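Subject: Structure handover

Hi,

Here is the structure I promised to pass on. My notes on what turned up follow below it.

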Amino acid sequence: MSEGAGAGCGARATRATRDQRQADLLVHAAALVLEQGGLPLPFDRLARAAGVSKALVYHHFPTQAALALALLADEWEAIDWPALAAAMDLDDAGDAARAVATRYFDVVATRGPLLHLLLTDPVVAQGEDRAVAVRAALRLRRLTRRVADTLRLSPREANVVLHLLMTYPEEAGRKVFRGEANRALARALCGDAVAAGLAALAGARDEEAMLGADLL
């Protein structure tokens, strides 16, 4: 093996080791953030949990924002975005809402509510890299439009309704993640609740429209 080839192998091995260390740190960080319910995560606590020096933690994550964005990237990659897009495009708005809700439930039930904690954290939502949070909202824009069309709402109002409806899979997923609920039953119930909630809101809007017409 030539000297250059040997150096190349060494560099790749060093990079692989560095990447593995960072991945290990993120596993511990995710567990701790879930345990304490959000950021910031004291780096000395992360170092103790991972069995490494505080300096090594700072080497990989110089700031809380760097840690938050690395965690968010992991959560982002765990989502099956093509499947979620297909769910949003279902013909019936209720079916679309149910499918999206159950897919989000699966993420929370498996990984915990880390994605929600990160996207609502000021470090991510208001920091210099808040574009990550904006990108997440853009991913759901199609579903927001479906809700707006179904309920005859403005995009802003539809976004509020969507966030309220998504509390069903959020809470059901949390319970399953903590071992407090049957997964299959919780999944079915949260999908039904979201579809029923959307249908009820649509019915209420129809009644308002009919009442307005009668008054005229």
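Before anything else, a contact here means heavy atoms within 4.5 Å. This is a predicted model, so local features need pLDDT of at least 70 and side-chain atom pairs count only at pLDDT 80 or more, while totals for chains, interfaces and linings use all residues. Residues are numbered from 1 along each chain as its sequence is written, and side-chain values use heavy atoms, with hydrogens and water left out.

**Overall picture**

The chain has 13 helices and zero strands. Helices (H or I, at least four residues) and strands (E, at least two) are DSSP runs, numbered from the N terminus. Of its 216 residues, 38% are buried; buried means under 20% relative accessible area, exposed over 50% and partly exposed in between, with a 1.4 Å probe and protein chains only. Among contacts in the chain with a separation of 6 or more, 68% link residues 24 or more positions apart.

**The cores**

I counted a nonpolar core as a set of buried Ala, Val, Leu, Ile, Met, Phe, Trp, Tyr and Cys residues joined through side-chain atoms within 4.5 Å. The largest has 51 residues, and L41, L67 and L71 have the most contacts inside it. Helix α6 (residues 93–111) supplies the largest share of this core, nine residues. Another core lies apart from it, with six residues, including F105, A109, A172 and V176. As for L41, not counting residues up to four places away in sequence, it touches A29, L32, V33, Q36, L46, Q64 and L67.

R174 sits in helix α12 and is buried, at a relative accessible area of 19%. Leaving aside neighbours within four places in sequence, R174 is in contact with V108, P113 and H116. T110 belongs to helix α6. T110 and R174 are 64 residues apart along the chain, yet their C-alpha atoms are separated by 9.1 Å.

**Around α11**

For the packing, axes are lines fitted to C-alpha atoms, for helices over the stretch in contact, and angles run from 0 to 180 degrees between N-to-C directions. Angles under 35 degrees count as roughly parallel, over 145 as roughly antiparallel, 65 to 115 as roughly perpendicular and the rest as oblique.

Helix α10 (residues 141–151) packs against α11 at about 105°, with the axes 8 Å apart, and the two are therefore roughly perpendicular. On the α10 side the contact is made by L143, T144, V147, A148 and L151, and on the α11 side by P155, A158, N159, V161 and L162. By class, that contact has eight nonpolar, two polar and no charged residues. Here Ala, Val, Leu, Ile, Met, Phe, Trp, Tyr, Cys and Pro count as nonpolar, Asp, Glu, Lys and Arg as charged, and the others, Gly among them, as polar.

On the other partner, the axes of α11 (residues 155–165) and α12 (residues 167–177) come within 4 Å and cross at roughly 25°, which makes α11 roughly parallel to α12. H163, L164 and L165 of α11 meet T167, Y168 and P169 of α12 there.

Which residues of α11 are buried? They are A158, V161, L162 and L165.

Cheers
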